[in-house]
Amino acid sequence: MLNEKLEARINEVDILTDFDGTMIKEESQYLQIYAYLSYSMGNNCLNLIKKVAKGYKDYKKNKDVSVFYSVLKGCPTNVLDDVVFRCKQNEKWNRLLAELKPQKVGVVSRNNNKFILKYLDLQKNQSWKINIIAANKPEIENEIYTGKAEIIVNNNNLIEFVRKKDYICGRDEIKILENFGIHYKKTNTGLYICSKNKIF
């Protein structure tokens, strides 16, 4: 169940959207891990590669998104902040929103809240008012990721958001949501709209 604060945020927007591979073209978690690997070259890089491989295997098995944040343990925040500039707005998402004409859009993502905020700061000239409704909050101490995170959105509770408001997403999210019996429609942009109600 979502708490009252999250429900109030959802009520303030017209539609919800995913971030990675939906609002932006890229799957930014891969860019973030690659940036950390590049930063770590020659500095225990082999151990980090092993940790990434094990984390990916664990995620595939358990679908626990906290694994992503544990892999980032020891990463300086500026390493990931610099990746934000490599993310490109998805033109398919722009076209879909131009068709739907929402006033306010809410981001619900299993990704890093800080990363999404930095991206939104770069997109201030958007036609739509965009707020983060829910995203995960990695713990940071002295500008270093600790590997811990407050998980607000995961594979199991994503459905709770979609039950409250329609959700724009890609195929990865459909694979998660269809297990909960959610209705979805593929749009002419290739992105999907999920709804608790049947979409004809």
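Ser 40 has its place in helix H2 of this predicted model, and with a relative accessible area of 5% it counts as buried, because that value is under the 20% cut-off. A polar atom of the side chain of Ser 40 lies 2.8 Å from the backbone oxygen of Tyr 36. Around this residue stands a protein whose secondary structure comes to nine helices and seven strands, and of its 200 residues, 50% count as buried. Among the contacts with a separation of 6 or more, 71% are made by residues 24 or more positions apart.

**Two further buried residues**

- Val 13 is found in the loop between helix H1 and strand E1, the latter covering residues 15–17, and at 3% relative accessibility Val 13 counts as buried.
- When its neighbours within four places in sequence are left aside, Val 13 is in contact with Lys 104, Val 105, Gly 106, Ile 133 and Lys 165.
- Although Val 13 and Asn 131 are 118 residues apart along the chain, their C-alpha atoms are separated by 8.3 Å.
- Ser 195 lies in strand E7, which runs over residues 192–195, and this serine is buried as well, with a relative accessible area of 4%.
- The side chain of Ser 195 is joined to the side chain of Asp 166 by a polar contact of 3.0 Å.

**Helix H7 and what covers it**

- Which residues of H7 are buried? They are Asn 113, Phe 115, Ile 116, Tyr 119 and Leu 120.
- Seen down the axis of H7, these buried residues fall within an arc of 160°, and therefore they line one face of the helix.
- At the start of H7, a side-chain oxygen of Asn 112 reaches to within 2.8 Å of the backbone nitrogen of Lys 114.

**Salt bridges**

- The structure holds five salt bridges, and three of these pairs are described here, beginning with the one in which the side chains of Glu 7 and Lys 164 meet at 3.5 Å, N to O.
- This pair links distant parts of the chain, since Glu 7 sits in helix H1 (residues 4–11) while Lys 164 sits in the loop between helix H8 (158–162) and strand E5 (167–169), 157 residues apart.
- Glu 7 counts as partly exposed, at 24% relative accessibility, and Lys 164 also counts as partly exposed, at 40%.
- Another salt bridge, of 2.8 Å from N to O, is formed where the side chains of Asp 81 and Lys 114 meet.
- Here too the pair links distant parts of the chain, with Asp 81 in helix H5 (residues 77–81) and Lys 114 in helix H7 (residues 113–122), 33 residues apart.
- Is Asp 81 buried or exposed? With a relative accessible area of 14%, Asp 81 is buried, whereas Lys 114, at 25% relative accessibility, counts as partly exposed.
- The side chains of Arg 171 and Glu 178 likewise meet in a salt bridge, at 3.9 Å from N to O.
- Arg 171 counts as partly exposed at 35% relative accessibility, and Glu 178 counts as partly exposed at 34%.

**The second largest pocket**

- How much space lies in the second largest pocket? The space in this pocket comes to about 180 Å³.
- The residues that line the second largest pocket include Asn 3, Lys 5, Leu 6 and Arg 9, and also Asn 113, Glu 150 and Ile 152.
- Further residues of the lining are Ile 132, Ile 133, Ala 134, Ala 135 and Lys 137.
- Helix H1 and strand E3 each supply at least two residues of this lining, and the largest share, five residues, comes from E3.
- Asn 113, one of the lining residues of the second largest pocket, is also one of the buried residues of H7.
- Ile 133, another of the lining residues, is also among the residues in contact with Val 13.

Definitions and conventions:
Residues are numbered from 1 along each chain as its sequence is written. This is a predicted model: local features need pLDDT of at least 70, side-chain atom pairs count only at pLDDT 80 or more; totals for chains, interfaces and linings use all residues. Side-chain values use heavy atoms; hydrogens and water are left out. A salt bridge is a side-chain nitrogen of Lys or Arg within 4 Å of a carboxyl oxygen of Asp or Glu. Helices (H or I, at least four residues) and strands (E, at least two) are DSSP runs, numbered from the N terminus. Buried means under 20% relative accessible area, exposed over 50%, partly exposed in between (1.4 Å probe, protein chains only). A polar contact is a pair of N or O atoms within 3.5 Å; within protein, one must be able to donate a hydrogen and the other to accept it, and residues adjacent in sequence count only if both atoms are side-chain atoms. The arc is that of the directions from the helix axis to the C-beta atoms. On a 1 Å grid over the protein atoms alone, a cavity is a set of points where a 1.4 Å probe fits but cannot get out, and a pocket is an open set with protein on both sides within 12 Å along at least five of seven lines; lining residues have an atom within 4 Å of a point. Grid points are joined across faces, edges and corners, and a volume is the space filled by probe spheres set on the points. Contact means heavy atoms within 4.5 Å.
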